[in-house]
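Hi,

Here is the structure I said I would pass on to you.

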Amino acid sequence: MNAMKKILALALAGAMALALLTGCGTGGSASHKSIAKAMADYDNGQHFKTTITCTSSAVLDAKLQELAAKTEFENVVKAVYNGQSPTIPAGVLPTNKVVYLYCGKYDKDAGKQAINLNAHHTHISSTSNLDDERQIGLITTSFTDTNGKKVKVRFAVVVSDIPKP
């Protein structure tokens, strides 16, 4: 009976040790889905809500890739990062929607990435109020700052329907 208790105690100690390691990442980058969730969590906290959702959108990811292929994309990224309103080529982003652009220093942690993205944003639609259901597209890119240094950033577009009154 004593041997059985010792084996059980050892097995439980091993299970607890493994449970501690589950929070350790592989060092990989945060997924678009985890950043979308972190962005929703951030906005829920800022607006004292629990109803805001943010869904990763492959369509918006593709739109950002299309925008990134244009020569003026670095200027768009710089403008958002520096708190200015950029000029977006027509037809790239949705119309009749609320559209926000975000730009933040790159981080592998989704929560930190959401904070970084929210530090630099602007809306490019006629209304600035996002609906609670949002879609997000993300791209990792870089730009050259005024000191000639490359800055690695995540650039995001968040789109929602215009909220109903």
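**The sheet and what packs on it**

Strands β1 and β4 are paired in the parallel sense, over 4 bridges. Within this pair, Thr-53 has Glu-133 of β4 as its bridge partner. Please keep in mind as you read that this is a predicted model.

The two strands belong to an open sheet of 5 strands, ordered β1-β4-β5-β2-β3, and the pairing in it is mixed. At the edges sit β1 (53-56) and β3, each of which pairs on one side only. On average, and ignoring direction, neighbouring strands of the sheet are turned by 30° against each other.

Two helices to look for here are α3 and α5. Helix α3 (residues 58-68) packs on the sheet and touches β1, β4 and β5, with its direction at about 30° to that of β4. Helix α5 also packs on the sheet, but its contacts are with β2, β3, β4 and β5, and its direction makes about 115° with that of β2.

**A closer look at α5**

Which residues of α5 (110-119) are buried? They are Ala-110, Gln-113, Ala-114, Leu-117 and Asn-118. Viewed down the helix axis, these buried residues fall within an arc of 130°, so they line one face of α5. Their packing partners are α2 (32-46) as well as the strands β2 (98-105), β3 (121-123), β4 (133-144) and β5 (150-160). At the N-terminal end, α5 is capped by Asp-109, which has a side-chain oxygen 3.1 Å from the backbone nitrogen of Gly-111.

**Two residues of β4**

Arg-134 lies in strand β4. Is its side of the story buried or exposed? With a relative accessible area of 6%, Arg-134 falls under the 20% cut-off and therefore counts as buried. Its side chain reaches the backbone oxygen of Asp-131 at 2.7 Å. Leaving out residues up to four places away in sequence, Arg-134 touches Asp-43, Ile-52, Thr-53, Cys-54, Thr-55, Val-158, Val-159 and Ser-160.

Beyond its neighbours within four places in sequence, Thr-144 is in contact with Glu-74, Lys-78, Lys-149 and Lys-150.

Best wishes

Notes:
Residues are numbered from 1 along each chain as its sequence is written. This is a predicted model: local features need pLDDT of at least 70, side-chain atom pairs count only at pLDDT 80 or more; totals for chains, interfaces and linings use all residues. Side-chain values use heavy atoms; hydrogens and water are left out. Buried means under 20% relative accessible area, exposed over 50%, partly exposed in between (1.4 Å probe, protein chains only). The arc is that of the directions from the helix axis to the C-beta atoms. Contact means heavy atoms within 4.5 Å. A polar contact is a pair of N or O atoms within 3.5 Å; within protein, one must be able to donate a hydrogen and the other to accept it, and residues adjacent in sequence count only if both atoms are side-chain atoms. Two strands pair if DSSP finds at least two bridges between them. Axes are lines fitted to C-alpha atoms, for helices over the stretch in contact, and angles run from 0 to 180 degrees between N-to-C directions.
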